[in-house]
Amino acid sequence: MPPAGIYIHIPFCKHKCPYCDFYSVTATAGLNAFLADLRQELTLRADPTLAVDTVHLGGGTPSLCPPDAVDRLLSTIQAGFDLQANAEITLEANPGAISSGDLKRLRAIGVNRLNIGVQSFRDDVLRFLGRIHDRAEALAVVEQARVAGFANLGLDLICGLPGQRVDDWRWDLEMALSLGPEHLSCYILTFEPGTPMTQDREEGRIKAPEGARVAELFETTVDLLAERGYDHYEISNFARGDTFICRHNLTYWRHRPYLGLGPSAHSFDGCSRFANQ
């Protein structure tokens, strides 16, 4: 069997964004107890013969976890699985939910890839999306990540917003490119059932962009990033060359096995798919 990936879902957030339908909670007082249970789940599902070449901490907001807790999680994985020496270890972080000291500590304990949920560099867009940070905080956390030693840095952006013009989106892309990220994830806003943003659309408070405008935004993304040397290796993901393609992403797309831990996480053993509730 080829090496597997491990996905760990950390469902805690400071604030629930109105467009998000991933499982998350804002009662962060339970974080430490949850992390202890998560280590127990890792121990129960341990397989020393299973080679693991990617670990991805997603959420939620994994950067709310104290670095020492992340260290304990990685140590539990190392003790229970055959964690490869060159494993890609990614942590998703949000501006406003991580400090420069945390970034230095995370890099020191072996997190070698950071994915930052910027979503936009426009303060008006960030307010619309319900984000807890502003443009200045987004720029600061990217600089702090570089100082901490992260040489594999991804940024998340969202397009397809109500009223968004192509020039607005191009400005956001140019802003991101000026920071020299190794990876960009450019997602089209999805109106998921049951979210506050979908309710706003259904009740006429906002209007979703027409399909032709969304297609134009997508084509702008593909063309501009290709001009700047980014490979479009997956629907929403772009990497600055093969070295920086997210290997954990490819685990899913190439139907390789992965183990999901934490609430709502999914797993695939090469034959069957199953999920935590």
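In this predicted model, Asp53 counts as buried, because its relative accessibility is 11% and buried means under 20% relative accessible area. Asp53 lies in strand E2. When its neighbours within four places in sequence are left aside, the residues in contact with Asp53 are Pro3, Ala4, Gln84, Ala87, Glu88, Arg247 and Arg256.

**Strands and the unit they build**

Strand E2, which covers residues 47–59, pairs with strand E3, residues 81–93, in the parallel sense, and seven bridges are found between them. Together with helix H2, which takes in residues 67–80, strands E2 and E3 make a right-handed β-α-β unit. Strand E3 also runs parallel to strand E4 (residues 113–119), to which four bridges join it, and here Glu92 stands opposite Asn115 in E4.

The loop between H3 and E4 holds Gly110, a residue that counts as partly exposed at 24% relative accessibility. Gly110 and Val70 are 40 residues apart along the chain, and their C-alpha atoms are separated by 9.7 Å.

**Salt bridges**

Side chains of opposite charge can pair when their charged atoms come close. A search of the whole structure finds 13 salt bridges, and the table sets out some of them with the distance between nitrogen and oxygen.

| Salt bridge | N to O distance |
|---|---|
| Arg105 and Asp71 | 3.3 Å |
| Asp168 and Arg122 | 4.0 Å |
| Arg205 and Glu203 | 2.7 Å |

What does the salt bridge between Arg105 and Asp71 tie together? Arg105 and Asp71 meet through their side chains; Arg105 lies in helix H3 (residues 100–108) and Asp71 in helix H2, so the pair ties together parts that are 34 residues apart in sequence. Arg105 counts as partly exposed at 33% relative accessibility, and Asp71 likewise counts as partly exposed, with a value of 24%.

Asp168 and Arg122 form another salt bridge, in which the closest N and O atoms are 4.0 Å apart. This pair links distant parts of the chain, with Asp168 in helix H6 (residues 166–177) and Arg122 in the loop between E4 and helix H4 (123–128), 46 residues apart. Is Asp168 buried or exposed? Asp168 is buried, with a relative accessible area of 12%, whereas Arg122 is partly exposed, with a relative accessible area of 25%. Asp168 and Arg122 also belong to a network of salt bridges, in which they are linked with Asp124 and Arg165.

In the salt bridge between the side chains of Arg205 and Glu203, the residue Glu203 counts as partly exposed, at 46% relative accessibility.

**A nonpolar patch on the surface**

Which residues form a nonpolar patch on the surface? The patch is formed by Ile235, Tyr252 and Trp253, which together have about 320 Å² of accessible area. Tyr252 has its place in helix H9, residues 247–253. With a relative accessible area of 31%, Tyr252 is partly exposed, a value that meets the requirement of over 30% for residues in a patch.

Conventions: Residues numbered from 1 in each chain as written. Predicted model: local features only at pLDDT ≥ 70, side-chain atom pairs only at ≥ 80, totals over all residues. Heavy atoms only, no water. Pairing = 2+ DSSP bridges. Helix = DSSP H or I, 4+ residues; strand = E, 2+ residues; numbered from the N terminus. Right-handed = clockwise from strand over helix to strand, strands pointing away. Patch = residues over 30% accessible without salt bridge, like charges linked within 9 Å, V, L, I, M, F, W, Y side chains within 5 Å. Areas by Shrake-Rupley, 256 points an atom, 1.4 Å probe, with all protein chains shown as cover. Buried < 20%, exposed > 50% of the residue type's maximum accessible area, 1.4 Å probe, protein only. Contact = heavy atoms within 4.5 Å.
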